[in-house]
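The sequence and structure are displayed first, and the discussion follows.

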Amino acid sequence: MPPMDAPPGGAPARDLLGRRLHDLRISVTDRCNFRCVYCMPAEIFGADFAFVPRAELLSYEESARLVRIFVPLGVEKVRITGGEPLVRRDLPDFVAMLSAIPGVRDLTLTTNGAALRRLAGPLADAGLRRITVSLDSLDPEVFARMNGIGFPVSRVLEGIDAAREAGLAPVKVNTVVRRGLNDASVLPLARWAREAGLTVRFIEYMDVGQANGWRLDDVVPASEIVDTIGREFPLEPVAPAYRGEVADRWRYVDGGGEIGVIASVTEPFCGDCSRARVSAVGELYTCLFGTHGHDLRSLLRGGATDDEIRASIVEVWRGRADRYSEIRSDETEGLPRVEMFAIGG
Ligand code: SAM
Ligand code: SF4
Ligand code: SF4
């Protein structure tokens, strides 16, 4: 196997801005049982919306092959996502395939938690070590409104308990904060997580895709979130655990754990962006705000060798100059953008 910095083709797998490839997010479906207002608004993604037909999705074998191809390029961290990954049948089989791949040091999954009560045990048994659960409010009404289908928050909390009992540790919680919807939920969530010994990462609402009607006024800046929590529980900054960590970490001065804030809008971190994303149909995206993906499925199904596919990935990565969040402006506003549920956040 070639050294990490010298993939087939010779030169280092660095993009035009000198960034390495380190993380891979792999989507297993574009479907979801929720209709979160900031991701898949129910009025747009109704019963007649055409999701990707089954035959077009990468099989688990194809996705696992891609992960094996990515590892020698420097990928150590793999996150399974979607849509909602837990709605894809037999997901633990896929986890078992990925957990057996040498070089995948960190395998995790992001879920809305709706099916976690049933699946936490099988996922842990298949080799998953940790998990991220999205949870936007503890208030039943606010949560029901945000997930767009009236799903009860109690079921997600039971899912989090099941994940902890299954030994998925740590369980991280992701909260997207949208002005006027759940800004009042920030402090109760922080208080709950402190008591439960969990870390919440508060995420600024982003202009991903074109369906959510994003407006800058709806973004609650990370600094405001830190101030809100810090007034009740004083906080101090923590140094990043590694280069490219997207969350700014803050710890409670009294030792009560920590929070993270992801300030993708107010403090972009494109300079350290080391993530590749593969959609459920096998398109490679190098930015959350990409206009189109690079088709890997045709290579997978067209008889290309692993080396040929790896060379194609390297070529895409080397040509990458994405820095959307740093250049967000009136000029980027009208550009077509892939939807979040297609590439997994
Ligand atoms: N369905 C799973 C879930 O919700 O956890 C995984 C896929 S979801 C697209 C991944 C993450 O993206 C979730 O934590 C979700 O809250 C976040 N997300 C979706 N739309 C967003 C937006 N417009 N701005 C910021 N985060 C968003
Ligand atoms: Fe589904 Fe996740 Fe998007 Fe919510 S954020 S609609 S749970 S994919
Ligand atoms: Fe990476 Fe694109 Fe986000 Fe910048 S905007 S951090 S390049 S995904």
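In which loop is the place of L335?

## Position of L335

L335 lies in the loop that runs between α11 and α12, the latter spanning residues 340–343. E236 stands 99 residues from L335 along the chain, and the C-alpha atoms of the two are separated by 38 Å.

## Confidence of the model

The model is predicted. Its chain has an average pLDDT of 94, and 97% of the residues reach at least 70. Over residues 1–11, however, pLDDT stays under 50; for this segment the model has 26 contacts beyond four places in sequence.

## Surroundings of the ligands

Around ligand 2 are found C32, F34, C36, Y38, C39, M40, G83 and N112. This shell comprises six nonpolar and two polar residues, with no charged residue.

## The largest pocket

The largest pocket holds about 320 Å³ of space. Its lining consists of 17 residues, and those nearest the centre are D207, W214, R328, E333 and R337. By class, the lining has five nonpolar, six polar and six charged residues.

Which helix gives the most to the lining of the largest pocket? That helix is α11, residues 330–333, which provides three residues.

## Burial of helix α1

Helix α1 covers residues 60–70 and is mostly covered, with nine of its eleven residues buried. The buried positions are Y60, E62, S63, A64, R65, L66, V67, I69 and F70.

## Backbone features in two loops

The peptide bond from A169 to P170 is cis, and its omega is near -5°. P170 belongs to the loop between α5 (153–165) and β5 (171–177).

D90 has a phi near 60°, which is a positive value in a residue other than glycine.

Key: Residues are numbered from 1 along each chain as its sequence is written. Chains are lettered from A and ligands numbered from 1 in the order in which they are written. This is a predicted model: local features need pLDDT of at least 70, side-chain atom pairs count only at pLDDT 80 or more; totals for chains, interfaces and linings use all residues. Side-chain values use heavy atoms; hydrogens and water are left out. A residue is near a molecule or strand if one of its heavy atoms lies within 4 Å of it. Ala, Val, Leu, Ile, Met, Phe, Trp, Tyr, Cys and Pro count as nonpolar, Asp, Glu, Lys and Arg as charged, and the others, Gly among them, as polar. Buried means under 20% relative accessible area, exposed over 50%, partly exposed in between (1.4 Å probe, protein chains only). Helices (H or I, at least four residues) and strands (E, at least two) are DSSP runs, numbered from the N terminus. pLDDT is the predictor's confidence in each residue, from 0 to 100. Contact means heavy atoms within 4.5 Å. On a 1 Å grid over the protein atoms alone, a cavity is a set of points where a 1.4 Å probe fits but cannot get out, and a pocket is an open set with protein on both sides within 12 Å along at least five of seven lines; lining residues have an atom within 4 Å of a point. Grid points are joined across faces, edges and corners, and a volume is the space filled by probe spheres set on the points.
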